[in-house]
Amino acid sequence: MKTSVAVASSVVLAALLAAPAFAAEASAAPAKIDLARGSEISSTVCAACHTADGSRGSPANPILQGQHADYLYKQLTEFKSGKRPSAVMSGMAAPLSEADMRNVAAFYAGKSAKPGAAKNPDTVQLGQKIYRGGIAEKNVPACAGCHSPNGAGIPAQYPRLAGQHADYVETQMNNFRSSARPNSVPMAGVASRMSDREIKAVSDYIAGLR
């Protein structure tokens, strides 16, 4: 009898000790996404550069429609922390809370990206070759290996590229190559082995990918 009481007491004690841990886990759960708040942030903070819904604005700025929420959230946190330097975006991200960043990222991710088009017929074949097969002699892997054959990407790790502005992609590739954008070691390595012509060709091809 004494043994049974002792065992029961131990079980109760263990449950009581575990309760605070369960409470902590519950309190750490991410807040529910508020798309209305995301829309508000898009309209009041982001619209000048990305348009109110993240669609096809200036070629110098990325199209955000249809981009993975996890990827957008990651980039915003890195702008805010300085891991991805940008005088403009660091200032935009600074006042945003974690919930704000998740909300606006989810808002853009919920939109359907509009298709784009390649503009240079002279380099489409080269761009396609690089995107789908890489450049073997330079040890440049196929873009499709990480960003998928149709440019859909992989959430958090690799962004959606299909239909993205060629000018923006080219700028980012050059930034990776020069270390002006230091928040992706793999992309820095890839871009460092590519020529201006190769970067321009694959960027233009990506713009028409769908």
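Figure 1. Grid points are joined across faces, edges and corners, and a volume is the space filled by probe spheres set on the points. By this rule, one cavity of 30 Å³ or more is counted, and the largest cavity has a volume of about 60 Å³. Its lining consists of R56, I63, Q65, G66, Q67, A113, K114, R160, L161, A162, G163 and Q164. Sorted by class, this lining holds four nonpolar, five polar and three charged residues, where Ala, Val, Leu, Ile, Met, Phe, Trp, Tyr, Cys and Pro count as nonpolar, Asp, Glu, Lys and Arg as charged, and the others, Gly among them, as polar. The structure is a predicted model, in which local features need pLDDT of at least 70 and side-chain atom pairs count only at pLDDT 80 or more, while totals for chains, interfaces and linings use all residues. Residues are numbered from 1 along each chain as its sequence is written, and side-chain values use heavy atoms, with hydrogens and water left out.

**Figure 2. The whole chain as a set of helices.** The protein has 10 helices and zero strands, where helices (H or I, at least four residues) and strands (E, at least two) are DSSP runs numbered from the N terminus. Of the 210 residues of the protein, 36% count as buried, a term that means under 20% relative accessible area, with exposed meaning over 50% and partly exposed in between (1.4 Å probe, protein chains only). Among contacts with a separation of 6 or more, 68% are accounted for by residues 24 or more positions apart, contact being defined as heavy atoms within 4.5 Å.

**Figure 3. The packing of helix α2 against helix α5.** Helix α2 (residues 35–50) packs on helix α5 (residues 98–109) at an angle of about 90°, with the axes 7 Å apart; axes are lines fitted to C-alpha atoms, for helices over the stretch in contact, and angles run from 0 to 180 degrees between N-to-C directions. The pair α2 and α5 is therefore roughly perpendicular, a label given to angles of 65 to 115 degrees, with those under 35 counted as roughly parallel, those over 145 as roughly antiparallel and the rest as oblique. On the α2 side the contact involves L35, R37, G38, S39, I41, S42 and C46, which meet D100, N103, V104, A106, F107 and Y108 of α5. The residues of this contact comprise seven nonpolar, four polar and two charged.

**Figure 4. The crossing of α8 and α9.** The axes of α8 and α9 come within 7 Å and cross at roughly 95°, and the two helices are therefore roughly perpendicular to each other. From α8, the residues M173, F176 and R177 take part, and from α9, the residues M187, A188, A191 and S192. By class, the contact of α8 with α9 has five nonpolar, one polar and one charged residues.

**Figure 5. The second largest pocket.** About 230 Å³ of space lies in the second largest pocket. Of the 15 residues that line this pocket, K119, A166, D167, D204 and A207 are the closest to its centre. Helices α8 (166–178) and α10 (196–207) each supply at least two lining residues, and the largest share, four residues, comes from α10. The lining has four nonpolar, five polar and six charged residues.

**Figure 6. E78 in helix α3.** E78 has its place in helix α3 and is buried, with a relative accessible area of 6%. Leaving aside neighbours within four places in sequence, E78 is in contact with K83, R84 and N183. E78 and M89 are 11 residues apart in sequence and 9.7 Å apart in space, C-alpha to C-alpha.

**Figure 7. Two loop residues with positive phi.** Most residues other than glycine have a negative phi. T51, in the loop between α2 and α3 (69–81), has a positive phi near 70° and counts as partly exposed at 23% relative accessibility. S179, in the loop between α8 and α9 (185–192), has a positive phi near 75° and is exposed, with a relative accessible area of 52%.

Terms used:
1 Å grid on protein atoms, 1.4 Å probe; cavity = no way out; pocket = protein on both sides within 12 Å on 5 of 7 lines; lining within 4 Å.
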